[in-house]
Amino acid sequence: MPHTASAWKRLRKNEKRKKQNRAVAKTIKVTRKTVAAAIKEGDAAKIADGFKTTQATLDQAADKGYIHKNKAARLKSRLAKKIKAAEKK
(Lines give C-alpha, C1' and ligand atoms only; values in the text may rest on other atoms or scores of the structure.)
Protein backbone atom coordinates (compact mmCIF):
# COMPACT_ATOMS: atom_id res chain seq x y z
CA MET A 1 0.00 0.00 0.00
CA PRO A 2 1.19 3.52 -0.72
CA HIS A 3 2.58 5.59 2.13
CA THR A 4 2.88 9.07 0.67
CA ALA A 5 0.17 11.36 -0.63
CA SER A 6 1.68 11.36 -4.10
CA ALA A 7 1.71 7.55 -4.12
CA TRP A 8 -1.97 7.48 -3.15
CA LYS A 9 -2.76 9.90 -5.95
CA ARG A 10 -0.80 7.78 -8.41
CA LEU A 11 -2.83 4.74 -7.28
CA ARG A 12 -6.11 6.59 -7.85
CA LYS A 13 -4.97 7.74 -11.31
CA ASN A 14 -3.85 4.25 -12.27
CA GLU A 15 -7.20 2.75 -11.27
CA LYS A 16 -9.10 5.39 -13.23
CA ARG A 17 -6.93 4.86 -16.32
CA LYS A 18 -7.24 1.09 -16.02
CA LYS A 19 -11.04 1.33 -16.09
CA GLN A 20 -10.97 3.62 -19.11
CA ASN A 21 -8.44 1.48 -20.99
CA ARG A 22 -10.49 -1.65 -20.40
CA ALA A 23 -13.68 0.08 -21.53
CA VAL A 24 -12.04 1.17 -24.77
CA ALA A 25 -10.54 -2.28 -25.33
CA LYS A 26 -13.96 -3.87 -24.80
CA THR A 27 -15.58 -1.46 -27.26
CA ILE A 28 -12.98 -2.27 -29.90
CA LYS A 29 -13.42 -6.00 -29.32
CA VAL A 30 -17.22 -5.81 -29.58
CA THR A 31 -17.21 -3.76 -32.78
CA ARG A 32 -14.70 -6.10 -34.41
CA LYS A 33 -16.81 -9.12 -33.45
CA THR A 34 -19.95 -7.59 -34.94
CA VAL A 35 -18.17 -7.13 -38.26
CA ALA A 36 -16.84 -10.70 -38.10
CA ALA A 37 -20.37 -11.98 -37.47
CA ALA A 38 -21.70 -9.92 -40.39
CA ILE A 39 -19.00 -11.37 -42.63
CA LYS A 40 -20.09 -14.89 -41.70
CA GLU A 41 -23.72 -13.99 -42.43
CA GLY A 42 -22.77 -12.31 -45.69
CA ASP A 43 -24.90 -9.22 -45.04
CA ALA A 44 -23.26 -6.43 -47.06
CA ALA A 45 -25.15 -3.61 -45.33
CA LYS A 46 -24.12 -4.78 -41.85
CA ILE A 47 -20.54 -5.28 -42.99
CA ALA A 48 -20.26 -1.76 -44.39
CA ASP A 49 -21.88 -0.16 -41.35
CA GLY A 50 -19.85 -2.23 -38.91
CA PHE A 51 -16.59 -1.54 -40.70
CA LYS A 52 -17.26 2.20 -40.64
CA THR A 53 -18.03 2.06 -36.92
CA THR A 54 -14.95 -0.05 -36.20
CA GLN A 55 -12.72 2.33 -38.13
CA ALA A 56 -14.05 5.30 -36.18
CA THR A 57 -13.61 3.49 -32.86
CA LEU A 58 -10.04 2.51 -33.67
CA ASP A 59 -9.15 6.01 -34.87
CA GLN A 60 -10.56 7.59 -31.72
CA ALA A 61 -8.71 5.15 -29.50
CA ALA A 62 -5.46 5.86 -31.35
CA ASP A 63 -5.96 9.63 -31.22
CA LYS A 64 -6.54 9.55 -27.48
CA GLY A 65 -3.59 7.26 -26.89
CA TYR A 66 -5.43 4.16 -25.71
CA ILE A 67 -3.79 2.12 -28.45
CA HIS A 68 -0.86 2.87 -30.74
CA LYS A 69 -1.68 4.41 -34.11
CA ASN A 70 0.12 1.58 -35.90
CA LYS A 71 -1.98 -1.00 -34.05
CA ALA A 72 -5.14 0.81 -35.15
CA ALA A 73 -3.89 0.82 -38.74
CA ARG A 74 -2.98 -2.86 -38.56
CA LEU A 75 -6.39 -3.87 -37.21
CA LYS A 76 -8.21 -1.81 -39.85
CA SER A 77 -6.06 -3.30 -42.59
CA ARG A 78 -6.67 -6.87 -41.48
CA LEU A 79 -10.39 -6.26 -41.22
CA ALA A 80 -10.51 -4.73 -44.70
CA LYS A 81 -8.60 -7.73 -46.04
CA LYS A 82 -11.17 -10.11 -44.52
CA ILE A 83 -14.03 -8.11 -45.99
CA LYS A 84 -12.51 -8.15 -49.47
CA ALA A 85 -11.94 -11.91 -49.21
CA ALA A 86 -15.58 -12.39 -48.18
CA GLU A 87 -16.79 -10.30 -51.13
CA LYS A 88 -14.90 -12.49 -53.59
CA LYS A 89 -16.67 -15.62 -52.37
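Author: The lining of the largest pocket splits into 6 nonpolar, 1 polar and 3 charged residues (Ala, Val, Leu, Ile, Met, Phe, Trp, Tyr, Cys and Pro count as nonpolar, Asp, Glu, Lys and Arg as charged, and the others, Gly among them, as polar). By name they are Asn21, Val24, Ala25, Ile28, Lys29, Arg32, Tyr66, Ile67, Lys71 and Leu75. A pocket here is an open set of 1 Å grid points where a 1.4 Å probe fits, with protein on both sides within 12 Å along at least five of seven lines, and lining residues have an atom within 4 Å of a point. Its volume is about 150 Å³, meaning the space filled by probe spheres set on the points.

This is a predicted model, where local features need pLDDT of at least 70 and side-chain atom pairs 80 or more, while totals for chains, interfaces and linings use all residues. Numbering starts from 1 along each chain, and side-chain values use heavy atoms, without hydrogens or water.

Helix 1 (5–41) and helix 3 (69–88) each supply at least two lining residues, with helix 1 giving the most, 6. Helices are DSSP runs (H or I, at least four residues).

Now follow helix 1 to helix 2 (residues 44–64): their axes, lines fitted to C-alpha atoms over the stretch in contact, come within 9 Å and cross at roughly 160 degrees. The two are therefore roughly antiparallel (over 145 degrees).

Technical notes:
Axes are lines fitted to C-alpha atoms, for helices over the stretch in contact, and angles run from 0 to 180 degrees between N-to-C directions. Angles under 35 degrees count as roughly parallel, over 145 as roughly antiparallel, 65 to 115 as roughly perpendicular and the rest as oblique.
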